[in-house]
Structures are given as C-alpha cells and as structure tokens.
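Thanks for sending this one over.

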Amino acid sequence: MRRRLLLLGTVVVAVLAVVAVLATGLGRDPSATASPLVGRAAPDFTLGGINGPAVTLSKLRGQVVVMNFWASWCTECHEEQDALDQTWQRYRDSGLVLLGVDFEDTSDGAKDYMHQSGLTYPVVEDKDSKTALAYGIRGIPETFLVDRSGRIVDRIIGRVDADRLAGAVEPLLKGGTE
Amino acid sequence: MRGRWSAAGLVVVLAAIAAAATLGLVAVRGHQQPPARPQQVQQIASGLHCPICKDLSVADSPAPLAQQMRQQIDEQLAAGRTPDEIRAGFVAAYGDSVLMSPPRHGIGSTAYYLPLIVVLGGALVVVLLLRRWRRPSGVDGAEPDGRAPLTSAQRQALRRAVERLREEEA
Amino acid sequence: MAFLGTYGLMLGLVLSVGGAVTAAVGARTDRPALVQTARRIAFAVLATMVVVDGAMLAALLSNDFTLRYVADNSSRETPVFFKVLSLWAADDGSLLFWNLILAGYVAAVAIRFRRYRPPTFPYALSVLFGVQAFYLLLVNGPARPFGTLAQAAADGRGPAPLLQNHPLMAVHPPFLYLGFIGFTVPFAFGVAALLAGTGSDAWVSIIRRWTLLVWCFLTVGLVLGALWSYSVLGWGGYWAWDPVENVALLPWLVATAFLHSIMLQERRGMARLWNIALVIGAFALTTFGTFLTRGSVLSSVHAFAQSAVGPAYLTFLGLVLLGGFGLVAWRLPMLRTPARLESTVSREAAIVGNNMLLLAATAIILLGTVLPLVVEALAGDQITVGGPYFQSALAPVFLLVLVLAGTAPLLPWRAVNRERAVRRLRLPVLAAALMIVGTSLAGLRNLYAVAGFGAATLVLVGNGQEIASGLAVGRRHSGVLRTLARGRRRYAGLTVHIGLALLAIGITASSNLAEQTQVTLRTGESTVFAGHTLRYAGLEADQQAQRVVLTARVDVSGSGPLTPRMNLYPAASEPIGSPSIHRGVLRDLYASVISLQDDGNSATFRFYRNPGVTWLWIGGAVMALGGAAAAWPARRRRAEEATVAAERRRQFSGAGVV
C-alpha cells in the first residue's frame, strides 16, 4: 500500500510539473521575438534617398531617430502612415528625425505610394536589404527608436499609433547625449 | 558448440567486419576536399533559420529575404570571413533563434546532451532488464507453476536423447 | 442552420455525459440493461454529429454568410470541392469534424461488441463518452463554430490560399484525424482493463487489432502529409521538422513500439505493465499534439489562429496523464508478470531493443520540440531546434531500428540455435555488406547514405528471405494462399518491414544525394542541370473562378515540359507557388518558380534533382497495406466469437441482452 501511494504521488508531482511548464507557453505570442539589438549601438549605414539626398545614420548623431522599415505593398504599413507623419510634423523642430527605410520594393512602386499618400518625411531605400539584415528585420512594419547617442532604445513590431510614438519619443528628446 | 565456426558463420562475421570497416573509412575520409564556395554558402545557409518563414532554412527558403541572406553570406565568404564570424553576425542582429540548432552555450546546449543521455540511459535499462530476466543458471529457469529446474544429470540425458532423435531424422 | 448546429451540439454534449454515467454505473453494478442503453446512446450521439456536420456543410455549400465560420473560410467563387474541404480547414470547423469521427469510433465499438462483450467493454464505453464529452465541451464553449455575425457578410474571405491549392487537402486531414482520434479506443480499453481490475489478458487482442487499424490510418495520414508538403509547398522537401509534424510522429512511434511488445505479452505473458503504459502514452501524446497544434503555444506553419482553447486542452492533457498513469501506479501489483528470458540473442531481446530505440526516438523528438518552450520559460532565451538537429540525433537511432527489423524476424523465440541463426542471417548480412562496400567503392562518400542503403538492404533481403522460405515450405504442404492465410500476421509484419526498407531507401537517397540550383532565365534562355537542358519557354496566364494562374513553361530536353505555377488569390498579398514535378523511379526533377520580373520575360527558378522520393510513397503504401492485412479480421475468429456469444446468451437469457 505504501509503495502504491508513493508511486501515485510521484505520478501526480510529475504531471503537475509538466503541465506547469507547458502552461508558461500559453498566453505568449509564439511569433514574438526579442531583439538583441535593443540597448546596443545602432548599426551604421548609408542609403540612397528616394525623396531627398542620401542619409548616413552616424551623421544624425545628436538627434533622436525613428527608423521605420516599410514597403509600398505592405497594407499594415499604410495604416500607420498618418501616425508617422503626425509625429514627424510635431517633433521635427525639437531634434527628431523620422526616417523611412523602404525594403524589398521597387523605386517606382515606392515613389507612387509616397506621392499618393503625401508623405513628408525623408525616405531611403535599402536595395540589397543589407541594412534590414543588420537590424534583424523579420517582417514589416518594424520601427526602431534610436536616442541621441546612437543607441537603440526600443523596437516595435507592427503598426504604431501616434500616442505610443509620442510617449516613447518625448523622454528621448529631453534626454540629450549621455 | 563453442569455437566451431561453420562456413556460414565465417561468412557472416567477415561480412559484418567488412561492412563496419568500410563505414569507418567513409566516416573518416568522407569529407576530404574543402568545399567550393557555393557549397559553403549552402552549408552555412542550411544552418540558419529563415527569419520570415516557419521552419525553413535560409538554404531552402524561396523568400527574397533569404535570397539576400545567401547573397550576403557569399559576399562575406569572398571577403575572407570565417563561417563562425558570418553566423555570429546574423546572431547579433536576430538573436540565437536564427540558428537552426541551439547554440553551444547556455541552457539551450542541453539539447546536445539529451539524445546521448536518452539513448545511453535506454541501453542501460535494457541491459539491466535483460540481465534480470535471465536466470544466472542459463538455459533453464523455474516454470511458472513452480517446478524445479533440471539437474545437470537430467540435462545431459535430455541432450543425448535429442541428439539421438536428430540422427534418426537425418 | 446555426440553430440546428448549436442545439445539436448541446444535445450531443448532454447525451455523451449521460452515456458516460450510464455505462459506468452499468459496469460497476453489473447491469447489462444499462450497458445496452449506453450502446444505444452511442448511436444517438453519432446521429447528432452527422446532423450537425451536415448543417455546417449545408451552410458552406449554400453560401450562408450569416455564420462567422462560413464568412471566414469560404466564398462565392470557391469551387464546390474546396467548399466541402473548408469544413476542416480552420480550427472550429475541424473540431466539428473531429467530434464526428470520434462519435463514429464510439459507435463502431458499440457495434463491434454487439454479440461478444468482454468485461472491459462498459468501462471502455464510459471512457470513450468521457473523451467525447470533452471535445463537445470545447465546441459548446471556447470554440463555437456556429457563431453568427451581427450582419451577414456580402461574400466570404475564402479559404486560406494554401489550403485550396491542391486536392490532397481532401485526404490528408481525414486520415490524420482517423489516426489521431482512433487512439482513444485502445486507451479506453486499457484504462477499462485497469478499472475493471481483471487480471486476464482478454483486452490485449482487442487493443491490438484497434491499434493496428489506427496505426494504418496514421501511417497513411503522415505519408500524405509528406506528399502534400512535397507536391504543394514548393520548397523541394517533404518534412520540415515543424513542431506540428513532430507531434504527429510521436504517437506513431509509440504505437509501433506497442505493436511489437504486444507479441511479448501474447506469447510469453510478459510486459503487461509496459503495454498498458504504451497505450496510455500514445493517447496522451495525441492529446499533447492537439494541445500544441491548436493551443498556439509554438510557432508553426500548421498553427491555427490564436484562440481560447489552449487552457482547455492543457487541463484535459493533465487529466489524461493523471488518470491514466495514476491508474497504472495504483494497479501495479495486478500488472506484474513473471518474465523469463532464455537467451540474450532471441526475438524477445530484439523486441525489447526495438521498444527502447523507438521510445528513445520519441523522447528525442518530444524534448527537442518543447525545448524552446522550456528554455524560454526557465531562462528567457529564445532558441530554435530545427531540422539539422533532429536529423543528426535520430539518424543513428533509426539505423539501429532498421538493423533490428532486418535481423529480428530471423531470430527464434526463447533461445537461439547459433548454427541455424547464422545460416539464416548469412544471406542478408552478405547482401548488406556488399551494398556498403559496393556503394563506397562506387564513389559514395556520405556516411549516412552508405549506412542507410546497407541497413535497408539488410531489411529487404532478410524479410524477403523469410517470406520466400515460408512460402516455399508451405507451398508443398497446403498451397501458397493457405500458407499466407494461416501465417497472415507474420507475413503481413514482414511486408510492413519491407515497406519500411523502401521508405528508408527513399529517405536516405533524397536526404543525402539531392541537388538543387537557383537560376534566373530570360524567355528563350536555357541552363543545364541534372543532365538536362532546361529552357524557359514563356509565361501563360489563365483566369480561373477564384484565382489567376501564371504558368512558367520550362522545356526539358529529352522529356515533356515542366510547368511550375504562381497562383494569385485576391485574398493573399503574395502569390502562392505550385511546383511542377517529373516523377521517376530513380529521381524526381522538380521545378519551382520563385519570382517573375519584367512582365514575365524573366523568371527566377529553383530546380531540384531529388533521388528516390518515389520510393517514399511506395514504401509508405506497402507499410499501410501490410498493416491492413494484419488487422483484417479472420473468418475463424468470428466463428469463435459467435460460439462464445451464443454461450453467453444462454447464460443471460431473459436479462434483455442482445
């Protein structure tokens, strides 16, 4: 009898342990991955501009940079267009640079879309996707927040809204170089 | 019967030895030539997980991003970087999960010990089990209904009777 | 429709719970009348499920877009064939289908034991109803297929493009479900045996037959899945070690182990405890698989959209594990059998080895699949465990399994007469050695390829020799057909091994010797690959009801053209590619179009040369057919059962039994 109870007890404990471990997987978005770049220096790049001159990231040191990876065929990117434009208009004089990085797209497609949407912030194109690879892009849209000292502070996957951006950007603008 | 190998037995043993030796040779000498660059790209790419696909490696994936990754691997190899450096570059941008197999450090490395532990553990269990099931006396054991095992004299008599029967059959 | 469906599901749930209670009470109080009522309830549940599934089908076929499920998974342009398939295309609908199949199995058990009823039958029925009640609870609770929209949609979204691309979607899920769900039956009888406390082994032959049948279905389901992946997804491979694929393999491996160790129990009375544990384990693994697939715990190509069913599945899994293994722990004394082994080189030892290897493979796959989850839970790191890991970890294990499959059927039970065994092994070992030496002399430098071909040869020649010698002897005495019929289980088993060897040849060849290339061609341009000249002939467009098909024709020197396609569905932002395959006995020539440029004047192709893939399908079919042959009920057995049933009737006359 003793032995049976002991065995039964072992079974109960083992099952509970298994269930507990599996339960940690619930409620977690399985496709969300953390970016290892957060907290590190933003990889430098020089990319040709679509609606302006070429941009080198390191030359923007001292300003807060919001980099948004997008493409003209990405419907979710269209949805965040207004929010990005608003943020640009609101903070451009306070030291914010909002940079669109066009990824896996055609120059004509991008230009058409930019013309249609009336987008005003500078956009560069990442023709060979080297920059996208350096930033660990898994899909679009993805938005990176870089502080005045060139360090990546956050990465947002998916559509951003104006309030969230504002909330993230304002402390960086006040922060200054460390 | 010990020590007497028939022709069939010799054939089996020799064949097994030949097979094992060949396998050993192939294992040791299999990858003699250094692979050409396209093969190297393929090798490295098949160890990387395509970031925008589920389950496919960068080598297998038709996605444009995977293509560009392969391009980048090729260029970096041409520039003289080692496969480890190239992999480290992707890990810096994407994290450990871009590798198709867990990294060799950290808690994930237990993945490499697990198969060994499982197989060796299983083999141990099997050996112990078989030993427990085999009576130390060998060929005979107590019948389920409790009859005593044969004595050696009885076994001898039995053997002689069986041999005689065989001779009669032949 | 929604009304019929919703209330039908509620009725089904009530009936299942009622059936579970009735059968359990009937079992405990030994009242055949109650058991008879429970049997009738099983038929009622089946009828209800047929009506409910019929209602959903009718809604799909009649474009009833008031139902959310229909709006999400079907559309006016979808062809009728794929509208029917939409039933199991998404989570909620497939649960309806699941419930239907489960009800079918319960009814089948009720019919099967109409005359001859073992003492475990009422308990098993109760357990079956219990499982059915859980799945009905799901469709009445977190996953409602008959939910309605506030406003009927004008048109539906249509099924996911990948799911309506190929008719294989018609057969892959049903066979997989028949396999998965079928494990409920052996589990129910195993638990019933523990509950009933019978020391006899009557349940063994019942469970064996059902497990064999379910094993056949699962084999077909898995092979069809590989075929689908290969013919539809266009990446040139057939198994991606996706978490959902892995968990489907686990119950198959455990069932295979069980089908071997059952012989130990039948012939030597050994391994009773082990066999029940295996049966419970197989069912637990299918439940775990369902949890992983539908609970959105791991990212996968098969993963259904996130839904609230995860916690429900996890709870059910916990109950199954607790109940099943708890019962085993409780009934341990009843299950102990005296085990005796005369010789280490014997069929018994080989079967023990087989079980150990198959369970090791199961453990490796299981642990590898959940490791990312565990690591993230414990340390917060994110890792991937992918194909290369599984392939290198499992190759040695499966090679050893093949070696056993080639030698164990030649070993006798109990003790081996060394001389005779060696004589029997001589030809297979010689053939395998010749294959190994020959292939490496011919220039093959890949260790796994050489070993794989050698092991497969061992299996082919060993099992083939056994079939041939058995028939040769039997032919003289009673004729080939009689011999086959009398030794049906053995010959079927040998055939399954031969199918396994063919499968192994296919896997070895395609995994180690495949070639591929990626090339961009302008119209009229050609390239040389795999001994053929491949010329891009041009793009053709075809407007169909639900999609636009762009075919990039590639002329192949020495045979017909390859026609890889890109399918443009309105719902999908990216085109879905369909590969074009020239299948051959020795190799497949496989083409995928990756992208089109310049209005189709330039196209990027991937060409593959995949040796041996055809043998995968042939081997899988042979395995399934062999299993079916073994599972087929024998006429003599039915006569036996009729006699027993008649005897029973005499005993119970007047108590209202059949």
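1. Chain A has a radius of gyration of 22 Å, whereas a compact globule of 178 residues would come near 16 Å. (The radius is taken over C-alpha atoms, and the globule rule is 2.2 Å times the number of residues to the power 0.38.) Along its principal axes, the C-alpha trace of chain A spans about 85 × 40 × 30 Å.

2. A word on reading these notes: this is a predicted model, in which local features need pLDDT of at least 70, side-chain atom pairs count only at pLDDT 80 or more, and totals for chains, interfaces and linings use all residues. Residues are numbered from 1 along each chain as its sequence is written, while chains are lettered from A and ligands numbered from 1 in the order in which they are written.

3. Chain A contains 6 helices and 7 strands. (Helices, H or I with at least four residues, and strands, E with at least two, are DSSP runs numbered from the N terminus.) Along the sequence of chain A the pattern reads α-β-β-β-α-α-β-α-β-α-β-β-α.

4. Where chain A meets chain B, the contact takes 14 residues from chain A and 12 residues from chain B. (Residues are in contact if their C-beta atoms, placed from the backbone, lie within 7 Å.) The chain A side is made up of 6 nonpolar, 4 polar and 4 charged residues. (Ala, Val, Leu, Ile, Met, Phe, Trp, Tyr, Cys and Pro count as nonpolar, Asp, Glu, Lys and Arg as charged, and the others, Gly among them, as polar.)

5. Between chains C and B, 64 residues of chain C and 51 residues of chain B take part in the contact. On the chain C side, H14 (347-379), H15 (387-407), H16 (418-441), H17 (447-477) and strand E8 (587-597) each supply at least two residues. H14(C) gives the most, with 14 residues. By class, this side of chain C has 38 nonpolar, 16 polar and 10 charged residues.

6. Now for the domains, whose bounds come from an automatic or database assignment. Chain B is divided into domain 1 (1-32), domain 2 (37-101) and domain 3 (109-169). The C-alpha centres of domains 1 and 2 of chain B are 41 Å apart. Chain C has domain 1 (1-152), domain 2 (166-332), domain 3 (341-513) and domain 4 (516-613). In chain C, the C-alpha centres of domain 2 and domain 4 lie 38 Å apart, and 5 residues of domain 2 are in contact with 11 residues of domain 4.

7. Do look at the open sheet of chain C, where 4 strands are arranged antiparallel in the order E1-E9-E8-E7. E1 (515-522) and E7 (580-582) of chain C stand at the edges with a single partner strand each, so one side of each has no neighbour in the sheet. (Strands pair if DSSP finds at least two bridges between them.) E1(C) and E9(C) (residues 602-611) pair over 8 bridges, and Arg522(C) has Ser602(C) in E9(C) as its bridge partner.

8. Elsewhere in chain C, E3 (residues 532-543) and E4 (residues 548-556) run antiparallel, joined by 9 bridges. E3(C) and E4(C) form a hairpin with 4 residues between them, and Ala541(C) stands opposite Leu550(C) in E4(C). E4(C) also pairs with E5(C) (residues 565-568), in the antiparallel sense over 4 bridges; here Val549(C) faces Asn567(C) in E5(C).

Terms used
Two residues are in contact if their C-beta atoms, placed from the backbone, lie within 7 Å.
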